[in-house]
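Hi,

Here is the structure I promised to pass on. Have a look, and then read my notes below.

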Amino acid sequence: MYQANNKRYDQMVYNRVGKSGLKISALGLGFWHNFGSVDAYENQKAIVHQAFDLGMTYFDLANNYGPTPGSAETNFGHMMATDMKPYRDEMIITSKAGYDMWDGPYGEWGSRKSIIASADQSLTRLGLDYVDIFYSHRPDPDTPLEETALALDQLVRDGKALYVGISNYSGAQTAAIAKIFKDLRTPFIIHQPRYSMFDRHIESDLLPVLNELGKSAVVYSPLAQGLLTNRYLNGIPADSRAAKTTSRFLQPDQVEKTLLTVKKLNEVAKKRGQTLAEMALAWDLRQPEIASVLVGASRPEQLVDNVKALNQLTFSDTEERAITDILHVHEKNNK
Ligand SMILES: NC(=O)c1ccc[n+]([C@@H]2O[C@H](COP(=O)([O-])OP(=O)(O)OC[C@H]3O[C@@H](n4cnc5c(N)ncnc54)[C@H](OP(=O)(O)O)[C@@H]3O)[C@@H](O)[C@H]2O)c1
């Protein structure tokens with residue numbers, strides 16, 4: 001039986017989510033890759049145990065994570081039932097609905113029908129009575145915002161979620177739905193956007209809106225799916241995401257296009273006494289609106305490295321400038 005490390009809360013940082021009462025770990029674990037029915041269960045368990053032993057309390061799932069869709073929730077549900085049950089109240093477990101999940105018109109997007117049916121399916125797969133945060137995974141251009149907001153609100157009122165969040169909404173969409181949640185008194189506390197050195201679109205659009213609203217972000221793909229690590233410095237390893245045929249989200253040509261920049265950033269990281277992954281995570285966490293960075297991992301050791309980001313979170317002006325200059329050149333060359 002798994003026994004959690006009793007020093008797990010000693011080194012992790014816990015950040016308050018906006019103006020809510022909730023704190024989450026500065027690093028969260030994502031289940032998008034490496035937790036499907038195609039992946040070894042024992043390795044999944046080792047990653048989850050490592051995360052929890054490092055003080056990570058935020059576990060990020062969605063209805064369709066796999067492959068096969070739903071299998072990440074089923075696998076994690078099995079771990080909850082067999083290993084992690086005594087720790088349920090130390091964990092923030094989340095799920096989402098919005099991307100393609102089942103056949104027909106109700107298996108995706110943001111209608112009341114889709115959101116509530118999907119949440120019920122997720123709870124069954126997870127074997128839980130409630131999730132801590134339930135997200136609308138993406139804005140739905142064809143469903144009124146009120147309908148999506150009311151469906152999320154209903155999940156809270158029915159005891160199926162404690163808080164709600166949104167993901168991939170623009171700044172303007174976030175401001176609009178926040179107003180509806182405010183009127184409903186829904187505990188909407190968090191936004192989940194993509195953010196990394198290679199994707200800075202939220203800096204001008206979303207972060208000022210979150211700041212104004214007093215909400216936080218938990219950002220996904222902070223390592224640009226592994227590009228912002230030492231994973232590809234010497235080619236594409238056979239067991240990496242870019243080489244895997246079960247994932248179409250990171251292609252070898254993206255590795256090629258970013259390699260020169262990654263090498264330059266790696267030199268800055270070395271001077272700071274960090275790995276590139278550590279520096280990339282610290283760089284995201286320097287934004288005051290960002291409560292947590294959501295990392296993926298294919299092995300437990302990656303999490304041990306990533307958590308070391310917390311040892312050096314600040315950047316000198318010289319380091320900031322060096323990174324910004326490298327990123328400007330990269331952006332110019334990839335227009
Ligand atoms: N809301 C949304 O629409 C949305 C979209 C995407 C993701 N997400 C969430 O965000 C989570 C994280 O996304 P992501 O997996 O793309 O995040 P990421 O942290 O940018 O990339 C994770 C990958 O980076 C590599 N890696 C991690 N730590 C490393 C280290 N220390 N050294 C070397 N390589 C390292 C691993 O690649 P290898 O597998 O090659 O080892 C790992 O699978 C997802 O699991 C999901 O929960 C949400």
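Helices (H or I, at least four residues) and strands (E, at least two) are DSSP runs, numbered from the N terminus. Residues are numbered from 1 along each chain as its sequence is written. This is a predicted model, where local features need pLDDT of at least 70 and side-chain atom pairs count only at pLDDT 80 or more, while totals for chains, interfaces and linings use all residues.

Let's begin with two loops. A224 sits in the loop between β9 (216-220) and α7 (252-271); its phi is near 50 degrees, a positive value in a residue other than glycine. R185, in the loop between α5 and β8 (188-192), also has a positive phi, near 60 degrees.

Are these residues buried or exposed? A residue is buried if 20 or more other C-beta atoms lie within 10 Å of its own, exposed if 12 or fewer, and partly exposed in between, with C-beta atoms placed from the backbone. R185 counts as exposed because it has 9 C-beta neighbours inside 10 Å, and A224, with 19, counts as partly exposed.

Next, helix α2 (residues 71-84). Its buried residues are A72, E73, N75, F76, M79 and M84. They lie on the same side of α2 because they cover an arc of only 160 degrees around the axis (the arc of the directions from the helix axis to the C-beta atoms). The face turned away from that buried side carries the exposed A81 and T82.

Finally, look at the loop between β4 (58-60) and α2, where P67 is placed. A cis peptide bond joins G66 and P67, with omega about -15 degrees.

Enjoy exploring!
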